[in-house]
Amino acid sequence: MINPQTDILIIVDVQNDFCPGGPLAVTDGERVVPVINNLSGKFSSRVLTQDWHPVGHSSFASSHDGAEPYSTIDMAYGAQTLWPDHCIAGTRGAAFHTDLVVNNADLIIRKGFRPAIDSYSAFFENDQNTPTGLTGYLRERGFKRLYFSGLATDYCVGFSALDAIKSGFEALLIDDACRAIDLMGSLANMKDQLAKAGVSTITSGDI
Ligand code: VGL
Ligand code: ZN
């Protein structure tokens, strides 16, 4: 049972560019929408996240001479996968999927807006040090148990759940409310990390 005081649904990056037809489409990405809309009604609080990059962001392959999408480069903070251009702030591609229920969200947190740092996690950017402010927001409101949904399981959803544990929250991943990119074993690797960190995997029917 959901406790309205302590439990919150976190809906990660359900944006057009990650859905079929987008430049970084996640297979069956749009299928999370009805599952999440249904789950939304079972919680009394929800937070949405939005990948929100400036033109020429450093995580785009197009920003690095001769680099191919899905290759890896060394950034000041470590290895970074390079992506096709996606989720440019203010564009249709960065907007939420049109069928996603968004008006009941308490907060929309944007991430990845610093030109030189990517941010998969909703809590810390990829330097693992720059906070988005979400930890403070959730703590101040007294939330303890965070339920994760959205895109993509092996990147933004997974890293958010791992950081939730690091920040002292309980974290659960709702498997059928997420879809993965699965780049060179990234899904299996993330599932392993999630299990080791103590993130439980559940399905929407468990709620
Ligand atoms: C994401 C790659 C790049 C995600 C965002 O939302 O999982 N993946 N930017
Ligand atoms: Zn991104």
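**Close-up 1. Sequence spacing and geometry of the zinc site.** In this predicted model, the donor residues of the zinc ion (ligand 2) follow the sequence spacing D-x1-H-x32-H, where donors are N, O and S atoms within 2.8 Å of the metal (3.2 Å for Na, K and Ca), and where water is not among the atoms, so sites may look incomplete. The coordinating residues are Asp51 (OD), His53 (NE2) and His86 (NE2), at 2.0 to 2.2 Å.

Close-up 2. Among the residues around ligand 1 are Asp13, Phe18, Asp51, Trp83, His86 and Cys156, a residue being near if one of its heavy atoms lies within 4 Å. Asp51 and His86 are also listed as coordinating the zinc ion (ligand 2).

**Close-up 3. Polar atoms facing ligand 1.** A polar contact is a pair of N or O atoms within 3.5 Å. A polar side-chain atom of aspartate 13 lies 2.7 Å from an oxygen atom of ligand 1, while a side-chain N or O atom of histidine 86 is 3.1 Å from a nitrogen atom of ligand 1. The backbone takes part through alanine 152, a polar backbone atom of which is 3.1 Å from an oxygen atom of ligand 1.

**Notes.** Residues are numbered from 1 along each chain as its sequence is written, and chains are lettered from A and ligands numbered from 1 in the order in which they are written. Local features need pLDDT of at least 70, side-chain atom pairs count only at pLDDT 80 or more, and totals for chains, interfaces and linings use all residues, while side-chain values use heavy atoms, with hydrogens and water left out.

Key
A polar contact is a pair of N or O atoms within 3.5 Å; within protein, one must be able to donate a hydrogen and the other to accept it, and residues adjacent in sequence count only if both atoms are side-chain atoms.
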